[in-house]
Amino acid sequence: MKNIKTIGILTSGGDAPGMNAAIRAVVRTAIYHSCEVVGVKYGFFGLLNNLFIPLQSHSVSQKISTGGTFLKSTRCPQFLQPEARAIAYENIRNQGIDALIVVGGNGSFRGADTICKEMGIPVVGIPGTIDNDIYGTDCTIGFDTAVNTAVRAVDKLRDTADSHNMVFFVEVMGRDAGFIALNTSISSGAEATLIPEIPTTIDQLCNYLEMERRANKTSGIIIVAEGGEHGGAAEIATQVKKRLPQYETRVTTLGHIQRGGAPTANDRILGGLLGHDAVVALINGEKGVMVGRRNDQTVYTSFEEACSRHCEINKRMVEIAYILSL
Ligand code: ADP
């Protein structure tokens, strides 16, 4: 058992609903174990610029139901420079911070790894990103809320698509991962899903749409993951319209609404469990690892492994999404 008296916590990279639930869990668990907690505002930028605030139990009251991160987040390119990191280390030491918890995505874990290795400060990561593209956990904090937000939006678009016999191309977030797209597609009963993990040609998509028309489907929802091989939903819609000019097509990009809003119960629970387990991991002497949940168990994955290994899409779910859309 390490002698950790003060734990710092920061959120970094893109915000995700449920990050506040995780911060709350870290604060309350640390206090339970007689540790002090220091919040770092604006992620790694805050480490460089001494943006520290003490966090007590009441500091995290009324936060569990809110989206975003009340500690705020920003990208901090300076942190890639060793000279800048040296300043951050000084600041961490001067604050009396013995260990750090970083909530964020792969980029944030690379930054966390440098803190651990270069300075020997124990750091534990919590996966927080709506994209669900982090190796070492079944779900990242924010993913469930983002999918639910997207599904509610698609349900609304479906009304118009159906009333006017239209085909909607709906672009969802996910950087280079199709997790949000696939889960949104299955949950909203979409006709097709375009994700980076499964290449689909425009001809295949058009043939599929034609087949569905022959099966008396008069409207359609195509879920498109951003950043795919054909460009975004607008580009794909243009190419489809060229081949099938008789189709009424529309494009909707859901954008940042997927990142905001009150976290779902699942994300609050995940934030609570991972926040709690991150503190316990530090107290038990863990460092350089991300805490994740797999099959309802807490597991540790080294930052190196979490950052280097690819998160595979579930091919069976892709197949089932196809069968259910026929
Ligand atoms: P995410 O955590 O959501 O993947 P980013 O990729 O933007 O977000 O990374 C967040 C921050 O992590 C960056 O702005 C930078 O400060 C820090 N970071 C990313 N990669 C490194 C690295 N190789 N070394 C040090 N810090 C890094």
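On a 1 Å grid over the protein atoms alone, a cavity is a set of points where a 1.4 Å probe fits but cannot get out, whereas a pocket is an open set with protein on both sides within 12 Å along at least five of seven lines; lining residues have an atom within 4 Å of a point. The model is predicted, so local features need pLDDT of at least 70 and side-chain atom pairs count only at pLDDT 80 or more, while totals for chains, interfaces and linings use all residues. Residues are numbered from 1 along each chain as its sequence is written, and side-chain values use heavy atoms, with hydrogens and water left out.

**View 1. The lining of the largest cavity.** Val167, Glu191, Leu209, Glu212, Arg213, Lys217, Ser219, Gly220 and Tyr247 line this cavity. Its volume is about 50 Å³ (the space filled by probe spheres set on the points, which are joined across faces, edges and corners). Helix α7 (residues 202–214) provides the largest share of the lining, three residues; helices are DSSP runs (H or I, at least four residues), numbered from the N terminus. The lining comprises three nonpolar, two polar and four charged residues. Here Ala, Val, Leu, Ile, Met, Phe, Trp, Tyr, Cys and Pro count as nonpolar, Asp, Glu, Lys and Arg as charged, and the others, Gly among them, as polar.

**View 2. The largest pocket.** The volume of the largest pocket is about 740 Å³. Of its 39 lining residues, Gly105, Asn106, Gly107, Ser108 and Arg175 lie nearest the centre. Helix α4 contributes the largest share of this lining, six residues. By class, twelve of the lining residues are nonpolar, 15 polar and twelve charged.

**View 3. The shell around the ligand.** The ligand sits in the largest pocket (more than half of its atoms lie within 2 Å of the pocket's grid points). It is surrounded by 17 residues, the closest being Arg75, Cys76, Gly105, Gly107 and Ser108; a residue is near the ligand if one of its heavy atoms lies within 4 Å of it. Helix α4 (residues 106–119) gives the most to this shell, with six residues.

View 4. An N or O atom in the side chain of Arg75 lies 2.5 Å from a ligand oxygen atom. For the side chain of Ser108, the distance from an N or O atom to a ligand oxygen atom is 2.5 Å. Asn106 places a backbone N or O atom 3.5 Å from an oxygen atom of the ligand.

Methods. A polar contact is a pair of N or O atoms within 3.5 Å; within protein, one must be able to donate a hydrogen and the other to accept it, and residues adjacent in sequence count only if both atoms are side-chain atoms. Helices (H or I, at least four residues) and strands (E, at least two) are DSSP runs, numbered from the N terminus.
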